[in-house]
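Reader: I am new to this one and would like to talk it through with you. Could we look at it together, one question at a time?

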Amino acid sequence: MRSFMTAFGVFWGIFMLIIMSGAGKALENGVLDGVRAFATNSAFFWTERTSVAHAGFQRGRRWEYDNTDIQYIRENVKDVEYLSPRLFGWQQSGNNTIRGERTGSFQMYGDYPDYFKIDRWTPIKGRLINEIDILGNRKVCNIGERVVEVMFAKDENPIGQYLKISGVYFQVVGVIHAETQINIGGGKKEETIIIPFSTMQRAYNYGNVVHFFSVTSQKGTKVSDLEDKLKRILKDRHKIAQEDLQAIGSFNIEKEFVKFSSLFLGIQALTWIVGIGTLLAGVIGVSNIMLVIIKERTQEIGIQRAIGATPAVIIKHIVAESVFLTVMAGYIGLSLGVGVLEILNRILELGGEKLFFRNPHVSLAMGLSSLAVLVLAGIVAGLIPAQRAISIKPIDAIRDEV
Amino acid sequence: MIRLNNIHKSYEMGNNSLHVLKGIDLHIEQGDFVSIMGSSGSGKSTLLNILGMLDNYDTGTYHLAGNLIANMSEKKSAQLRNEMVGFVFQSFNLISFKNAMENVALPLYYKGVPRKKRNQIAMEYLEKLGLKEWASHMPNEMSGGQKQRVAIARALISKPKIILADEPTGALDSATSYEVMNILKEINQEGITVIIVTHEHDIAAMTSQIIRLNDGLIHEIIRNGELKKFQKEFIHGLEPA
């Protein structure tokens, strides 16, 4: 009974370790699920007002990328793997989409097919926009799941139907599902309409303007390096001072990933420190109780040694008992912790919402390593009392009570 | 068999040093039945512990069956104890949560004898000591005499050359004491050296050699013929037993 009360310390330690680690993992899952499908070697560029007067221009100038920038990069920068310019349909706000009596307000983008390789989308029905759509300036569109819900009746097949978007008719060629939660340009990804970039430039009178573009770096090139290189080129092409840090807005997934990764590494480290700390307190408790047990059994140990038990045998017994105690307690803690996480997982799944806290679980490796830690802790907890036990001479031990 | 040469032993008690054995010379042959007597503090238990390799001595030499016993590792002395010596204690020192048979079998466990075999041997020894029916009883269910017989069985099971008994009758009434002494005598007749520490003259008188310790030195050794006289002096009414 006393032993089990003490072992509770170990139980609690391992329980905490499992729960915290599971929770940390869940947070990591939740956050990383949203970005995982994003190409980690991607960077994004947009324009801001200049902040440095340069080449006769005042500061605060508005400027824009155009098709020649894209062409120049395609031809001259070999580090670029995919390049996808984009137009935002900001001008078409309000109920911009009409189909018969149905109207809706959706985000519209003009994109290249390469975009689907950077920020992954999968077609649920139909197909994605392709190169032929771009070359032919076809009036076709891919629509998100929410668009289907709003613009079509439940039993209607949207493929082949037409939507009037800001006054122009587009044929729906695909219903698409976003694999990531990051949406550049804001809004919900389910409420997105994507049309070919070239069509958008013509149909809505954008000329050769490019609002935004995404790139991914070739294998072996760091996307941060590519980002800097492209910025230098673009500044040159648009008469912007190289020291102007504001004029080109950019965003680099790799950097964000590193940030996330180190954050979760930090959480994991904290988990282990706290968990191991609690465990250590438990182990010290076990070690303590072993000392008491040995004190009580001094005579018994003395007899055993008098009739031929070697110190190794005694140590083995004590350590075995200590390991048994810790591992039992730890195992219960481990199972209970995993059980609680499992229940939590069920509850979260029932909730159905996509939370930033998802699928809490501990890996097998985690379980095994904590079990290893337990065995080790048990040995350590047993060794000190065992050493103490054999340091008492057999005669003293036997005489203890006489 | 046992040869002690000028054995000294002192204990550190804080700052004081207690000189317990002040030069013991002793020679015990195989098959002797020896009792060590002396007032308390005369060093008799210490001598027994040294004989049983439970304690170290400071200076001198101790040969057991031709081996010099000095500075042995715990492991080596534990093994030697297991092979050579059987212990019988005043307070029996059975392990309370093991039954009689398991207690008897314990030394064989340390020798690595498999369970079935050692339990079988343990049963043989219990039978020999008339405790067969008590094999599955726990120590606290047995009388003092029975416990001591279990302890003797335990001491015998490893087939030792020497039985060392520290006040084996100290906690027993006189009838049981004689019973135990008779068992020890029988053991001795099988050729095993028996050494007992006692302060009871009638018990000592049943042995064939009495070593009287006084103040850490051997005061006198009474043997054979002289023992007769000793017996006369101290044994009154021993004959009926």
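Reader: Let me start with one residue: where is the place of B:Leu217?

Author: B:Leu217 sits in strand β10 of chain B, which covers residues 217-223. Keep in mind as we go that this is a predicted model.

Reader: Why is B:Leu217 called partly exposed?

Author: Count the C-beta atoms around it: B:Leu217 has 15 others within 10 Å. A buried residue needs 20 or more, and an exposed one has 12 or fewer. The count of 15 falls between those limits, so B:Leu217 is partly exposed.

Reader: Which residues is B:Leu217 in contact with, leaving aside its neighbours within four places in sequence?

Author: Those are B:Lys22 and B:Gly23. Another part of the chain to look at is B:Ile7: it is 210 residues apart from B:Leu217 along the chain, yet their C-alpha atoms are separated by 9.7 Å.

Reader: What makes B:Asp215 partly exposed?

Author: B:Asp215 has 14 C-beta neighbours inside 10 Å. Since 12 or fewer would be exposed and 20 or more buried, B:Asp215 counts as partly exposed.

Reader: And B:Asn93, is it buried or exposed, and how do you know?

Author: B:Asn93 has 26 other C-beta atoms within 10 Å. The cut-off for burial is 20 or more, so B:Asn93 is buried. B:Asn93 is also not a glycine and has a positive phi, of about 50°. Look for B:Asn93 in the loop between β6 (85-88) and α3 of chain B.

Reader: Which residues of α3(B) and α4(B) meet?

Author: On the α3(B) side they include B:Met101, B:Val104 and B:Leu108, and on the α4(B) side they include B:Ile121, B:Met123 and B:Leu126. By class, this contact has 11 nonpolar, one polar and one charged residues.

Reader: What makes α5(B) roughly parallel to α6(B)?

Author: Their axes cross at roughly 15° and come within 10 Å, with α5(B) spanning residues 144-157 and α6(B) residues 174-189. Angles under 35 degrees count as roughly parallel, so α5(B) and α6(B) qualify. Among the residues making this contact are B:Ile152 and B:Leu156 of α5(B), together with B:Val180 and B:Ile183 of α6(B). The classes here are five nonpolar, four polar and two charged.

Reader: Let us move to chain A. Why is helix α9 of chain A described as largely enclosed by the rest of the structure?

Author: The helix covers residues 298-306, and seven of its nine residues are buried, so α9(A) is largely enclosed. Among the buried ones are A:Gln299, A:Ile301 and A:Arg305. After α9(A) comes A:Gly308, whose phi is positive, near 115°.

Reader: How many residues of chain A are in contact with chain B?

Author: 18 residues of chain A are in contact with 20 residues of chain B. The largest share of the chain A side, five residues, comes from α9(A). That side divides into 11 nonpolar, three polar and four charged residues.

Reader: Where in chain A is confidence lowest, and where is it highest?

Author: Confidence is lowest in helix α12 (residues 394-399), with a mean pLDDT of 67, and highest in strand β8 (residues 140-143), at 93. Where pLDDT is low, the predicted coordinates should not be read in detail. For chain A, the mean is 84, and 92% of its residues reach 70 or more.

Key
Residues numbered from 1 in each chain as written. Chains lettered and ligands numbered in written order. Predicted model: local features only at pLDDT ≥ 70, side-chain atom pairs only at ≥ 80, totals over all residues. Helix = DSSP H or I, 4+ residues; strand = E, 2+ residues; numbered from the N terminus. pLDDT = per-residue confidence, 0-100. Contact = placed C-beta atoms within 7 Å. Nonpolar A, V, L, I, M, F, W, Y, C, P; charged D, E, K, R; others polar. Axes fitted to C-alpha atoms, helices over the stretch in contact; angles between N-to-C directions. Parallel < 35°, antiparallel > 145°, perpendicular 65-115°, else oblique.
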